Amino acid sequence: MKLLILSDSHGCIETMEEAIRGESPDLIIHLGDYWADGEVLQKHPIPVYQVVGNCDRYRTAPGQTETICCNIEGVSFFMTHGHHYGVKMGLERLYYGALEAGAQVALFGHTHEAYCQKEGELLLMNPGSCGGFWGSYGILEVSAGEIQSVAIYHFASR
């Protein structure tokens, strides 16, 4: 299963649409900022998981999902925007939160900087901001309980 991971779109719908057209994913994950951008993705016949970001406080109804813990093709995921885990100051809180949740993959945004690193048995991935010319997004392929491939792409280089 091919996952398209987006974050911090901040109204840049066209770049998200470009990634969808170019990648033909099986699942889309939007990690916040802006919630309405994630809702636009719902028009596609592709499942969408989304969480709220710090800029969504006054843009969504109260009680929207801030963290998703789920299993996709046998791989356990922890998805969050990252602001509640202080990811701009370091990844330690996110790392331990994801481990506590039993995750194999922690997906986050908020910093607008792409990051993909395996720490022990946990893969930490921030697709960066998909907004603007220098935007980026992540692709993660999983099947049969295994991560098959992971990559971050920048729109300017595609």
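In the largest nonpolar core of this predicted model, 18 residues come together, and L3, I29, I72, F77, M79, L107 and L140 touch the most other members. A nonpolar core here is a set of buried Ala, Val, Leu, Ile, Met, Phe, Trp, Tyr and Cys residues joined through side-chain atoms within 4.5 Å; buried means under 20% relative accessible area, exposed over 50%, and partly exposed in between, with a 1.4 Å probe and protein chains only. Two or more residues of this core come from each of β1 (2–6), β2 (27–30), β4 (67–72), β5 (75–80), β6 (105–107), β8 and β9 (136–143). A second, separate core has 13 residues, including L4, A19, L41 and Y137. As general background, nonpolar side chains in soluble globular proteins tend to be buried together.

Leaving out residues up to four places away in sequence, M79 touches I29, L31, Y49, V51, E66, T67, I68, C70, I72 and L107, where contact means heavy atoms within 4.5 Å.

A few notes on reading the model: residues are numbered from 1 along each chain as its sequence is written, and side-chain values use heavy atoms, without hydrogens and water. Because this is a prediction, local features need pLDDT of at least 70 and side-chain atom pairs count only at pLDDT 80 or more, while totals for chains, interfaces and linings use all residues.

Now to the charged side chains. The structure holds three salt bridges, each defined as a side-chain nitrogen of Lys or Arg within 4 Å of a carboxyl oxygen of Asp or Glu.

| Salt bridge | N to O distance |
|---|---|
| K2 with E23 | 2.9 Å |
| R21 with E14 | 2.7 Å |
| K43 with E17 | 3.5 Å |

K2 counts as buried at 17% relative accessibility, and E23 counts as buried at 7%. R21, the partner of E14, is exposed at 53%. K43 sits in the loop between α2 (35–40) and β3 (48–50) and E17 in helix α1, so this pair ties together parts that are 26 residues apart in sequence. Here K43 is exposed at 63%, whereas E17 counts as buried at 8%.

The rings come next. A search of the whole structure finds five aromatic pairs; rings of Phe, Tyr and Trp (its six-membered ring) pair if their centres lie within 6.5 Å, with planes under 30 degrees apart called stacked, over 60 edge-to-face and the rest tilted. One of them joins F108 and Y115, whose centres are 6.4 Å apart and whose planes meet at 55 degrees, so the pair is tilted. F108 is buried at 2%, while Y115 is partly exposed at 28%. Y137 and F155 form another tilted pair, with centres 5.1 Å apart and planes at 50 degrees. Both Y137 and F155 are buried, and together with Y153 they form one aromatic cluster.

Strands β7 (residues 115–119) and β8 (residues 122–126) pair in the antiparallel sense over five bridges, where pairing requires at least two bridges found by DSSP. Two residues lie between these strands, and G120 takes a positive phi near 65 degrees.

How values were computed. Helices (H or I, at least four residues) and strands (E, at least two) are DSSP runs, numbered from the N terminus.
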